Amino acid sequence: MEGVILFAILIFTIALSIPIGITLGLSTAISMALTSNIPMEMLAQKAVTGLDSFPLLAIPFFILAGALMCNGGISRRLVNFADALVGFITGGLAMVTVLACMFFAAISGSGPATVSAIGSFMIPSMVDRKYDPSFAAAISAAAGTIGVIIPPSIPFVIYSIVAQCSIGDMFIAGIVPGIIIGLALMTVCYFTAKKNNYSYVSKPPTLKHVWETFKEAIWALFVPVIILGGIYGGIFTPTEAAVVAVAYSIFVGKFIYKELDFKTLYECFRQAALINGATEFMIGLSMAFGAYLAMAQIPAHIAAWMHTMTGSPMLLLLEINIFLLIIGCFVDNIAAVIILTPILLPVVKAIGIDPIHFGLIITVNLACGFISPPYGINLFVATAISGVSIEKISKAILPSFIVMVLCLMLFTYYPPLTMGLLHLMGK
């Protein structure tokens, strides 16, 4: 009964477009008042103590680092280097977009930030080369999803905190799937360009040109090396790595590329503070939400119900994937991770799924939501840059969406793609 009331209130308040943080707190408070003897003080206590976490500091610093890199000349140099590597292939300019998003994903940790940073350069460039504007916007939006899969990833940090698992292990688990999705999207670029006869540079670049663009981009390419190398080398924690990324971004943008002024710095700090305030508010109340779920044994009841629907672990995972793909169409990635992890994690643990593997599954599922109407935040960013309607972009993005779902199924049912690198590292 507690679960029915809780989720009815949750769904109703979300439908009213009430902010997710308030929705979580409101549904928890009303359910507690109606169905349990749990003191109401628990809500405030869990919300406050849930934020008393050192790893949570990684979130504002990664958000700030992404903003600084976007405005400090880093994204443009990554695009130039990617162009030198794959720009001469059929569909090369679209592939440049994907590859540049992969590079930027290893810096920013955010899907919309990746679309904004790379799409602002690449969408106009593709249109100039006679690419269809809808496809140019669509491939930029699709490639932006890699921003939350290749580490560092803000949703990975949030999932790890909610699921109480290692942030470093989650980062490692995202490397191979992120590369696979990138290669799959490049394949879409190739066949789409072949079909539509999009122009491309027929002459491969010289080694000298590749070297020059590499030298220009080397300061940007050092960022993931410093962040990931420092974490896995035991030099600093993921939170400390985020702080290092901020300091490095300011140094490179201000003194190396000389594109960061004090006005831009202020704007970056302001944006990071606003985004972090909303995120931390959601996380705090999600801790109270999760605590109430555990006290009322709601996840256990859901797990039992799902097992009665199907006794097969493979079918259960399929049901969860379909459910998450639908949720991703309507709910923000971070909010969905916060709400659904305490509910679904006990269910998948019961059938032997590793929490790290499930973290990758839930993140890729919800990343697909970035390019799924009606929510599809990457679609909104792409349409703002390109001026193409969301309806046209949604149609053009269908092949990329299908490829991403196929990749999701591969990751779901073949865990070595997610866990293999971890096992090689002795984790």
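Helices (H or I, at least four residues) and strands (E, at least two) are DSSP runs, numbered from the N terminus. The model described here is predicted, so that local features need pLDDT of at least 70 and side-chain atom pairs count only at pLDDT 80 or more, while totals for chains, interfaces and linings use all residues. Residues are numbered from 1 along each chain as its sequence is written, and side-chain values use heavy atoms, with hydrogens and water left out.

Thr213 is placed in helix α11, which spans residues 207-232. With a relative accessible area of 8%, Thr213 is buried, where buried means under 20% relative accessible area, exposed over 50% and partly exposed in between, for a 1.4 Å probe and protein chains only. A polar atom of the Thr213 side chain lies 2.9 Å from the backbone oxygen of Val210. Apart from residues up to four places away in sequence, Thr213 touches Asn80, Phe81 and Ala84, contact being defined as heavy atoms within 4.5 Å.

The largest nonpolar core has 155 residues, of which Val98, Ile158, Tyr159, Ile181 and Phe358 touch the most other members. Helix α6 (residues 92-108) supplies the largest share of this core, 13 residues. A nonpolar core is a set of buried Ala, Val, Leu, Ile, Met, Phe, Trp, Tyr and Cys residues joined through side-chain atoms within 4.5 Å. When residues up to four places away in sequence are not counted, the contacts of Tyr159 include Gln164, Cys165, Met170, Val337 and Phe358.

Two helix pairs illustrate how the helices pack. The axes of helix α13 (residues 262-295) and helix α16 (residues 333-350) come within 9 Å and cross at roughly 15°, and α13 and α16 are therefore roughly parallel to each other. Their contact involves residues of α13 including Met282, Phe289 and Leu293, and residues of α16 including Ile334, Ile338 and Pro342. In the second pair, helix α5 (residues 74-86) packs against helix α7 (residues 111-128) at an angle of about 55°, with their axes 9 Å apart, and α5 and α7 are therefore oblique to each other. Here Ser75, Arg76 and Val79 of α5 meet Ala117, Ile118, Phe121 and Met122 of α7. Axes are lines fitted to C-alpha atoms, for helices over the stretch in contact, and angles run from 0 to 180 degrees between N-to-C directions; angles under 35 degrees count as roughly parallel, over 145 as roughly antiparallel, 65 to 115 as roughly perpendicular and the rest as oblique.

Helix α13 also holds Ala291, which counts as buried at 14% relative accessibility. Leaving aside neighbours within four places in sequence, Ala291 is in contact with Met42 and Lys46. The C-alpha atoms of Ala291 and Ala396, which are 105 residues apart along the chain, are separated by 42 Å.

The peptide bond from Pro151 to Pro152 is cis, with omega near 0°, and Pro152 is placed in the loop between α8 (133-144) and α9 (154-163). Gln164, in the loop between α9 and α10 (167-196), has a phi near 60°, a positive value in a residue other than glycine, and is exposed, with a relative accessible area of 74%. Lys258 has a positive phi of about 55° although it is not a glycine; this residue is found in the loop between α12 (238-256) and α13 and is exposed, with a relative accessible area of 65%.

Key
A polar contact is a pair of N or O atoms within 3.5 Å; within protein, one must be able to donate a hydrogen and the other to accept it, and residues adjacent in sequence count only if both atoms are side-chain atoms.
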